[in-house]
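The sequence and the model are shown first.

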Amino acid sequence: MARLSVWFLLILSGGFASGCKNSEPPNPLTAVVATAHGEELTLGEINAEMPAPLTGMDSASWCQRFIADWQQRRTLVHLAKTELPESERDFHREITQYTEALFIHAYEDRYLRDNLDTALSTSELQSFLDEQPELFKLNAPVFRARWLVFPANEPFPRDIRDWQRQLASSDAEVLSNLSSRCTDASMDHDLEAQQWWSWEELSERLPLDPRRASRQQASNRVTKIEWKADTAAGRADDERALLLVTERLRTGQVSPVERVADRIGELLLHRRRNRTLVTMRKQAVEAAWAEEALTVDPQTERFSDTP
């Protein structure tokens, strides 16, 4: 009733009342607040359209605009009905088609909600990528990498060569021990090198210097990264890290599936949605024929012989 109170007070004060202004109507929602060409707009109709968060003066301003818009529409409709020729006022066919379209759209939406399988496997995503590789070319290179970041404002450890050797190792046990070492020291790290990163994304995790990007991207060895505090560059601490790029894809090559999974998923679901609807429509017509809800006059076959 919070939305109603403002306009109910206006009615009582005579702002938009009709009829006897000093008597309270049995039901405030039935009170007429505006008229246009013989049509009435009630308080209940306004209250039903008013956005819930509006109160006080905001609701009063909204209501005034709503009434003005309602009266303008009613006036234009009245002019159309009274001044247009009869041939230009017959919208029966358009209204029928629009109503049918609304029914069909509502039914198909409900059918898809109940029947469309939205689960997509990695193999489906990859198959679509393999079918349409030209749609998913890289606009910038991406990288797989192993890396770790040392605590801020501390120098490289004295055994930095041992850290580099372990990071470059292909021995799973060595990498597991290194991961435990990083975790114990609360160091940010990624030693699995499974995720594909753009250089900008890696720069958010590592203190990469854009002036050395080309050399670091191309290196096949563990790179020592050191960045001195520079407030102008948005870095308040001395930062150090190790980076090993393990795999690269260049601009123009096909993107890894995980980087375009969302796009592929949208396309696959769109395709699946269309196929689901085609099947549903076909089955609906077949069921209608089986139930003898559809008929065609045999005489219509003569149309096939029409030149």
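The sections below proceed from the whole chain to single residues.

**Overall description**

The structure is a predicted model. Its protein chain contains 10 helices and seven strands. Of the 307 residues in the chain, 32% count as buried. The accessible surface of the protein chain is about 20,800 Å², and carbon and sulfur atoms make up 50% of that area. Among the contacts in the protein chain with a separation of 6 or more, 65% are between residues 24 or more positions apart.

**The contact of α5 with α10**

Helix α5 spans residues 122-131 and helix α10 spans residues 261-290. Their axes come within 10 Å and cross at roughly 90°. Angles from 65 to 115 degrees count as roughly perpendicular, and α5 and α10 are therefore roughly perpendicular to each other. On the α5 side, the residues in contact are Glu 124, Leu 125, Phe 128, Leu 129 and Glu 131. On the α10 side, they are Ala 261, Ile 264, Gly 265, Leu 267, Leu 268, Arg 271 and Arg 272. By class, this contact of α5 with α10 comprises seven nonpolar, one polar and four charged residues.

**Aromatic pairs**

A pair of aromatic rings is described by the distance of the centres and the angle of the planes. Across the whole structure, a search finds seven aromatic pairs. One of them joins Trp 62 and Phe 66, with ring centres 5.1 Å apart and planes at 20°. Planes under 30 degrees apart count as stacked, so the pair of Trp 62 and Phe 66 is stacked. Both residues lie in helix α3 (residues 56-83), where they are four residues apart, about one turn of the helix. Trp 62 and Phe 66 are both buried.

Phe 150 and Trp 163 form an edge-to-face aromatic pair. The distance is 5.2 Å centre to centre, with 75° between the planes. Phe 150 lies in the loop between β3 (142-149) and α6 (160-168), and Trp 163 lies in helix α6, so the pair ties together parts that are 13 residues apart in sequence. Phe 150 and Trp 163 are both buried. Ring pairs also bring in Phe 156, linking Phe 150, Phe 156 and Trp 163 into a cluster.

With a relative accessible area of 46%, Asn 153 is partly exposed.

Ser 186 likewise is not a glycine and has a positive phi, of about 55°. Ser 186 is found in the loop between α7 and β4. Its relative accessible area is 69%, and Ser 186 is therefore exposed.

**Accessibility and surroundings of single residues**

| Residue | Relative accessible area | Class |
|---|---|---|
| Ser 169 | 15% | buried |
| Ser 176 | 42% | partly exposed |
| Asn 153 | 46% | partly exposed |
| Gln 194 | 51% | exposed |
| Ser 186 | 69% | exposed |

Ser 169 lies in the loop between α6 and α7 (172-184). Buried means under 20% relative accessible area, so Ser 169, at 15%, counts as buried. Not counting residues up to four places away in sequence, Ser 169 touches Arg 146, Val 174 and Leu 175.

Ser 176 is found in helix α7. The C-alpha atoms of Ser 176 and Gln 166 are separated by 9.7 Å, and these two residues are 10 residues apart along the chain.

Gln 194 lies in the loop between β4 (189-190) and β5 (197-198). Exposed means over 50% relative accessible area, so Gln 194, at 51%, counts as exposed. Leaving aside neighbours within four places in sequence, Gln 194 is in contact with Arg 144 and Glu 258. Gln 194 and Thr 246 are 52 residues apart in sequence, while their C-alpha to C-alpha distance is 9.6 Å.

Definitions and conventions:
Residues are numbered from 1 along each chain as its sequence is written. This is a predicted model: local features need pLDDT of at least 70, side-chain atom pairs count only at pLDDT 80 or more; totals for chains, interfaces and linings use all residues. Side-chain values use heavy atoms; hydrogens and water are left out. Helices (H or I, at least four residues) and strands (E, at least two) are DSSP runs, numbered from the N terminus. Buried means under 20% relative accessible area, exposed over 50%, partly exposed in between (1.4 Å probe, protein chains only). Contact means heavy atoms within 4.5 Å. Accessible areas come from the Shrake-Rupley method with a 1.4 Å probe; for residues, only the protein chains shown count as cover. Axes are lines fitted to C-alpha atoms, for helices over the stretch in contact, and angles run from 0 to 180 degrees between N-to-C directions. Angles under 35 degrees count as roughly parallel, over 145 as roughly antiparallel, 65 to 115 as roughly perpendicular and the rest as oblique. Ala, Val, Leu, Ile, Met, Phe, Trp, Tyr, Cys and Pro count as nonpolar, Asp, Glu, Lys and Arg as charged, and the others, Gly among them, as polar. Rings of Phe, Tyr and Trp (its six-membered ring) pair if their centres lie within 6.5 Å; planes under 30 degrees apart count as stacked, over 60 as edge-to-face and the rest as tilted.
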